[in-house]
Amino acid sequence: MPLPRPAPGTGRWWVVGIVGIGLATALAVWLGLANSVGRVTWVDTGYKVVDDRSVRVEFDVHRPSGEAVTCQVNALDQSFGVVGTIEVRVPASAERSVHQVVVVRTAARAVTGTVKSCDPS
């Protein structure tokens with residue numbers, strides 16, 4: 001069974017559509033890479049409630065080498081309210097990824113600890 005052919009005179013629009021979709025795809029990929037390459041990211045790797053007044057939080061920071069970063073770490077209670085916070089300065093170094101362990105002092109018992117944000121210093 002032969003494939004149907006486009007109506008006469010519509011071939012040009014098929015080419016314009018295919019080129020347009022290709023350009024839109026290239027633009028989406030470029031924007032995605034431009035917004036993520038060289039950015040500071042972090043990953044929470046663990047936490048441990050030490051006692052009623054502190055929680056230990058572990059996390060990895062990924063940043064461009066040679067860039068100092070400041071991270072805000074929060075301790076949260078059962079209703080996800082902030083019961084403690086600390087700013088951690090990660091000094092510049094040649095390493096792109098750095099593991100950090102911090103203890104956050106709390107006003108009440110925390111049930112979790114997490115990194116809220118990390119920004120270049």
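**The cysteine link and its setting**

Modeller: With a relative accessibility of 0%, C71 counts as buried, where buried stands for under 20% relative accessible area, exposed for over 50% and partly exposed for what lies in between (1.4 Å probe, protein chains only). This is a predicted model, in which local features need pLDDT of at least 70 and side-chain atom pairs count only at pLDDT 80 or more, while totals for chains, interfaces and linings use all residues. Residues are numbered from 1 along each chain as its sequence is written, and side-chain values use heavy atoms, with hydrogens and water left out.

The partner of C71 is C118, and the two are joined by a disulfide with 2.0 Å from S to S, the term being used for a pair of cysteine sulfur atoms within 2.5 Å. Because C71 sits in strand β3 (residues 69-76) and C118 in strand β6 (residues 112-120), the pair ties together parts that are 47 residues apart in sequence. Helices (H or I, at least four residues) and strands (E, at least two) are here DSSP runs, numbered from the N terminus. The angle about the S-S bond is 110°, and the link between C71 and C118 is right-handed. C118, like C71, is buried, at a relative accessible area of 4% for C118 and 0% for C71. By the distance rule, the count comes to one disulfide.

As for the setting, the protein chain has one helix and six strands, and from the N terminus on these elements follow the order α-β-β-β-β-β-β.

R39 lies in the loop that runs from α1 (11-34) to β1 (41-51). Setting aside neighbours within four places in sequence, R39 is in contact (heavy atoms within 4.5 Å) with H62, R63 and P64. From R39 to P64 the C-alpha distance is 7.2 Å, although the two are 25 residues apart in sequence.

Over the whole chain, among contacts between residues at least 6 apart in sequence, 63% join residues at least 24 apart. Of the 121 residues, 24% count as buried. The radius of gyration, taken over C-alpha atoms, is 25 Å, whereas a compact globule of 121 residues would have one near 14 Å, by the rule of 2.2 Å times the number of residues to the power 0.38. Taken along the principal axes, the box that the C-alpha atoms fill is roughly 75 × 35 × 25 Å. The chain exposes about 8,400 Å², of which carbon and sulfur atoms supply 62%; such areas come from the Shrake-Rupley method with a 1.4 Å probe, and for residues only the protein chains shown count as cover.
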